[in-house]
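Good morning, everyone. Please take a moment to look at the model on the screen, and then I will talk through a few of its contacts.

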Amino acid sequence: RMKNLDIRNYSNVQNITRLLYSHRFGTDDMLTVGGDYMYDYLMNNNLDGDRHQESFDIFAQYDWRINKLWEVVGAMRYDHFSDGGMSRATPKLSVRYNPLRNFTVRASYGMGFRAPTLKEKYYDFDMANIWIVLGNKDLKAETSHNLNISADYVKGPYNFTIAGYYNKVSNRITTGVPYYLPGDDRQLYLDYVNIGKMDVYNIEATAQARWHNGIGARLSYVFSHEDT
């Protein structure tokens with residue numbers, strides 16, 4: 001599958017159109033709706049013919065300031081990609097709570113969706129003569145569930161934050177393990193692949209200060225863990 005690369009015969013053009021409308025209710029609440037359309041065109045002599053894809057999304061978000069203590073933001077988005085007919089609706093909800101003037105708690109949940117690009121599905125290219133990266137037309141869309149929570153306290157020049165998140169990812173799109181083709185140990189190859197399941201955990205605690213004389217200090221602790 002190794003092919004000659006001629007960068008003069010390469011073109012990737014993306015034409016994007018966006019429409020956006022916002023309306024404010026009173027002084028605090030706001031509704032935002034919109035949509036995007038993209039025409040993606042990929043041409044290269046490494047391809048078996050040109051490739052193109054149309055995609056669109058529509059979304060709506062409402063920012064609701066309930067009172068001085070609570071604020072809620074809810075959103076919904078729908079994406080569709082013509083190549084492979086991939087589509088998904090993804091919601092998002094975030095909450096902010098201010099029980100004290102200098103203390104804030106935030107929490108959010110959102111779904112994620114990413115369809116494979118034309119390059120990831122169809123384009124084979126030479127990576128600096130190290131290996132050949134091969135597109136995979138059978139790639140599935142990447143989806144995820146994302147949960148975040150944080151607390152923030154400010155006192156004078158001091159700021160203390162603790163935050164954590166959990167991401168559950170399905171069919172993550174990435175490159176696989178390098179390999180040689182049977183009978184040819186001169187050239188390494190990499191395929192784009194889907195990782196079936198992956199859980200990511202992260203906790204971060206930060207203390208920082210900035211005084212009037214311009215001196216600042218920051219101390220952080222970060223713990224991350226992945227399960228696949």
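A salt bridge, as I use the term today, is a side-chain nitrogen of Lys or Arg within 4 Å of a carboxyl oxygen of Asp or Glu, and please keep in mind that what we are looking at is a predicted model. By that definition E204 forms a salt bridge with R218, the closest N and O atoms being 3.9 Å apart. Since E204 lies in strand β12 and R218 in strand β13, this pair ties together parts that are 14 residues apart in sequence. R218 is exposed, with a relative accessible area of 53%, whereas E204, at 28% relative accessibility, counts as partly exposed.

The structure holds nine salt bridges, and another one of them joins K121 to D83, with the closest N and O atoms 2.4 Å apart. Here K121 sits in helix α1 and D83 in the loop between β4 and β5, so that distant parts of the chain, 38 residues apart, are linked. Are these two residues buried or exposed? K121 is buried at a relative accessible area of 5%, and D83 is buried as well, at 16%.

Let me turn to the nonpolar cores. The largest has ten residues, including L42, F125 and I173, and the elements that give two or more residues to this core are α1 and β12. Apart from it lies another core of five residues, among them F81 and F113.

Finally, I173 also meets E142, which is in strand β9: the backbone nitrogen of I173 lies 2.8 Å from a polar atom of the E142 side chain.

How values were computed
Residues numbered from 1 in each chain as written. Predicted model: local features only at pLDDT ≥ 70, side-chain atom pairs only at ≥ 80, totals over all residues. Heavy atoms only, no water. Helix = DSSP H or I, 4+ residues; strand = E, 2+ residues; numbered from the N terminus. Polar contact = N/O pair within 3.5 Å; in protein donor to acceptor, adjacent residues only side chain to side chain. Core = buried A, V, L, I, M, F, W, Y, C linked by side-chain atoms within 4.5 Å. Buried < 20%, exposed > 50% of the residue type's maximum accessible area, 1.4 Å probe, protein only.
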